[in-house]
Each structure stands twice: as C-alpha cells, then as structure tokens.
Amino acid sequence: MTIRHHLSEQLLLAHACGQLPEAFNLVVAAHLTLCDECRARAGAFDALGGAVIDAGGGVEMADEAIEAAVARITGFPREAARLPVRAQGVLPTPLADYVGGDLDAVRWRPVGMGVRQAILPTSKDATARLLHIPAGAAMPGHGHGGLELTMVLQGAFLDEGRRYGVGDVEIADEATQHTPVAEAGGDCICLAAADAKLKFSGLLPRLAQPFFRI
Ligand code: ZN
Ligand code: ZN
C-alpha cells in the first residue's frame, strides 16, 4: 500500500490538542493505523499538544514553550509513537470498534444510484459515515459548508485528476466543489466525515438530503 494523500498538519495538531469532533478523530485514528509517516508526525504533534495543554489551553503559552515544543517536533524520532497495527480485515481497528466487526457487520442503507451508506454513532458536531460506491459510479456532485475528510478503505476513487487509494485521505472544504468517481474494476468503500451538511448542486440529492442526513 502506497499512501499518497496524508493528514494535514492542522488536523494532526488539532487531534493532538483534543480539538477535533469525534467523527474527524475517527478518520485521523483510522489513517494513523495505516500510515507510518503520519504516525511519526502525530507523535511529534502529541508532544506539542501536551505542551499546549500543560500551558493551560495554549492561550497563554510563552514563546519559549512554543519554541521548545517545536524543537521537540523537528527532532522527534520517527519510530516513536507506535500504534496498534491494522487488524486482519478491511476496516482499520479504530473503525472496526465502531462498527462492531469488519465489513460484514456494517448495516448498509441504499442512498440511490447504487451507492450505500452506514452512519456511525458519533457526537453531533460532525457526522461519520461509511460509503459503498459501485465501481465506475459517481458520488453526487456537491460543495461543502465546512470540512470534509474522506478516507479510502477498499478500492479507489478519482477526483479532480487525482487518484485516492486505500489509506489516502481527501481533504475538502468550502472552496471544494467535486464529484468523486469510484475507479472502474472494483467497488470503493470509504469513511467520510463532515462537520457541516454537504451542499448538493442537483435538485434530487437536495430533496433526499433530509432523509439520509447528509
Ligand atoms: Zn499519512
Ligand atoms: Zn465532498
């Protein structure tokens, strides 16, 4: 597995400081399970997050404390912060814990055009869902009222000329208007988290939105 699309530094820092909604934490945790590179970076950010929390939430953090924490980041050993490696199966361990098993435990619901989803139980400030997109099928085109993280668990999707394979995370925000398409040759299963309702451009998806809580 070659991961090409990683978590941003903002996400890793917010994760380390405990400032992400549960749904985003789930994506971060799932990616860290698969990605050595981000796991090493996360270890460094955890050091910074700890320093921020020690300093009383970061608001009053002295310049020297920030410098010391940043120095720790740049010098952080890469093999530090080992997390449990991936269990056998498609779902990374943190995700399997939510589902209560692997893919066969997922309770899918059809959302039209062959796409299926399963909403995961997280806090209300953001939603997390599993998406099953048939090979070659497109997600409805949409914009975003906030941040959206989409991580591939099986297969791959193409979006704006980029390919996202297993472990890759696409980060979309208010500026993104996109239509991800599952790669031909295999169904694509993703974990998607969003902190605001998606804005669909077509009328039908918009009408369907209240029913599917997307
Ligand atoms: Zn990564
Ligand atoms: Zn999107």
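Colleague: At what pLDDT do side-chain atom pairs count?

Modeller: Residues are numbered from 1 along each chain as its sequence is written, chains are lettered from A and ligands numbered from 1 in the order in which they are written, and side-chain values use heavy atoms, with hydrogens and water left out. This is a predicted model, in which totals for chains, interfaces and linings use all residues, local features need pLDDT of at least 70, and side-chain atom pairs count only at pLDDT 80 or more.

Colleague: What is the geometry of the site of the zinc ion (ligand 1)?

Modeller: The ion is coordinated by His6 (ND1), His31 (NE2), Cys35 (SG) and Cys38 (SG), at 2.1 to 2.3 Å. Four donors count as tetrahedral if all angles lie between 85 and 135 degrees. The angles among these four donor atoms are 97 to 126 degrees, and the site is tetrahedral.

Colleague: How many residues apart in sequence are the parts that histidine 6 and histidine 31 tie together?

Modeller: Helices (H or I, at least four residues) and strands (E, at least two) are DSSP runs, numbered from the N terminus. Histidine 31 lies in helix H2 and histidine 6 in the segment before H1, so the pair ties together parts whose separation in sequence is 25 residues.

Colleague: Is histidine 31 buried or exposed?

Modeller: Buried means under 20% relative accessible area, exposed over 50%, partly exposed in between (1.4 Å probe, protein chains only). Histidine 31 has a relative accessibility of 0%, so it counts as buried.

Colleague: Which strands stand at the edges of the sheet?

Modeller: Two strands pair if DSSP finds at least two bridges between them. Six strands form an open, antiparallel sheet in the order S1-S2-S3-S10-S5-S8. One side is left without a neighbour in the sheet where a strand has a single partner, so the edges are strand S1 (109-110) and strand S8 (169-172).

Colleague: How many bridges join S3 to S10?

Modeller: On one side, S3 (residues 127-133) pairs with S2 (residues 116-120) over five antiparallel bridges, and a hairpin of six residues joins S2 to S3. Six of the seven residues of S3 are buried, so this strand is largely enclosed by the rest of the structure. The number of bridges joining S3 to S10 is seven.

Colleague: What is the relative accessible area of threonine 150?

Modeller: Threonine 150 is found in strand S5. Beyond its neighbours within four places in sequence, threonine 150 is in contact (heavy atoms within 4.5 Å) with residues including Phe157, Cys190 and Leu191. Threonine 150 is buried, with a relative accessible area of 9%.

Technical notes. Donors = N, O, S within 2.8 Å, 3.2 Å for Na, K, Ca; no water. Tetrahedral: all angles 85-135°; square planar, octahedral: opposite > 155°, others 65-115°.
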